[in-house]
Amino acid sequence: TSPAVDRVAAKLGIPSYETPTGWRFFCNLLDAGRITLCGEESFGTSSDHAREKDGLWAALFWLNLLAVRQEPLPTILRAHWTEYGRDFFLREDYDIPDAAAAARVMRELEAALPSLAGRSAAGVTFASADSFTYEDPVDGSVSRNQGLRLFTTVGGRLVFRLSGTGTRGATLRVYLGRHEREVSKQGMSAVEALAGLSSAARAVARLPEFTGIDRPTNVT
């Protein structure tokens, strides 16, 4: 969900994989012995001995970690942020009543991807953009159109995914993330730290123009 795990993996010299949303992608890697830890966009985490029991597994994992470390959670988090930096992350959901309008948002944004490098929206400048394609390292299968990804010049990332399309509307999910190395700024709330990216997401996707919506329905 965020590059935080990737930073730890890189320092430890172990492989990490960015997959699309969905446990089937994790399970291929788990069954092949490629990974022992996985996490997905709904904030679930799991391992190869408790597949898909993500909520229960995550709670037990943290209880075990706290028991072994004998340190409170804030202390563990701050130590991690000091060493690796903090990865701020939020998911903003936009419930769009008009399914056609929701589809247009994604269609227009995808068409603009090749021209986004060097462009700015709401004060945020983009370095690159793409439509995520995943090639499974285990079975070689290819999964296209797994989200539109926009990367900023200062290391931020926006990911757009549309779900629940139908006659009663759709939900646009926007994932916001950025890395903060400066310790004095790591105590901010995620909402505060990602406010600029949130505004940029609405601007670059032209949400007010196409849907009349200027704020997320839900933020997690």
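Contact here means heavy atoms within 4.5 Å. Keep that cut-off in mind for what follows. The model is a predicted one.

Start with Leu150. Set aside its neighbours within four places in sequence. Leu150 is then in contact with Leu109, Leu113, Leu116, Phe126, Ser128, Ala129, Gly156, Arg157, Leu158, Phe160 and Val204. Several of these names return in the largest nonpolar core. That core has 33 residues. Those with the most contacts inside it are Ile96, Leu109, Leu150, Leu158, Phe160, Leu172 and Val204. Helix H5, residues 99–112, gives this core its largest share, 5 residues. There is also a second, separate core of 9 residues. Phe26, Leu29, Leu30 and Tyr134 are among its members.

Now turn to H5 itself. The helix has 14 residues. From its first C-alpha to its last, H5 reaches 20 Å, close to the 20 Å expected at 1.5 Å a residue. Which residues of H5 are buried? They are Ala101, Ala102, Val105, Met106 and Leu109. These residues lie on the same side of H5, because they cover an arc of only 140° around the axis. An α-helix has 3.6 residues a turn, so residues three or four places apart point the same way. On the other side of H5, Ala100 and Ala111 are exposed. The N-terminal end of the helix is capped by Asp98. A side-chain oxygen of Asp98 lies 2.9 Å from the backbone nitrogen of Ala100.

Next comes strand E8, residues 148–152, where Thr152 has its place. Is Thr152 buried or exposed? Thr152 is buried, because its relative accessible area is 7%, and the cut-off for buried is under 20%. Its side chain reaches the backbone nitrogen of Gly156 at 2.7 Å. Beyond its neighbours within four places in sequence, Thr152 is in contact with Val124, Thr125, Phe126, Ala127 and Leu197.

What does the side chain of Glu92 make a polar contact with? The partner is the side chain of Ser198, at 2.8 Å. Apart from neighbours within four places in sequence, Glu92 is in contact with Leu172, Arg173, Val174, Leu176, Ser198, Arg202, Pro216, Asn218 and Val219.

The C-alpha atoms of Ala195 and Leu176 are separated by 9.3 Å. Along the chain, the two residues are 19 residues apart. Ala195 counts as partly exposed, because its relative accessibility is 37%.

Last, look at the cysteines. A disulfide is a covalent bond between the sulfur atoms of two cysteines. How many disulfides does the structure hold? The number is 0. Take Cys27. The closest cysteine sulfur to its own is in Cys38, 7.4 Å away, so the pair is too far for a bond. The cut-off for a disulfide is sulfur atoms within 2.5 Å. For Cys38, the closest cysteine sulfur is in turn that of Cys27. Both cysteines are buried. Cys27 counts as buried because its relative accessibility is 10%. Cys38 counts as buried because its relative accessibility is 6%.

Terms used:
Residues numbered from 1 in each chain as written. Predicted model: local features only at pLDDT ≥ 70, side-chain atom pairs only at ≥ 80, totals over all residues. Heavy atoms only, no water. Helix = DSSP H or I, 4+ residues; strand = E, 2+ residues; numbered from the N terminus. Buried < 20%, exposed > 50% of the residue type's maximum accessible area, 1.4 Å probe, protein only. Polar contact = N/O pair within 3.5 Å; in protein donor to acceptor, adjacent residues only side chain to side chain. Core = buried A, V, L, I, M, F, W, Y, C linked by side-chain atoms within 4.5 Å. Expected span 1.5 Å × (residues − 1). Arc of directions from axis to C-beta.
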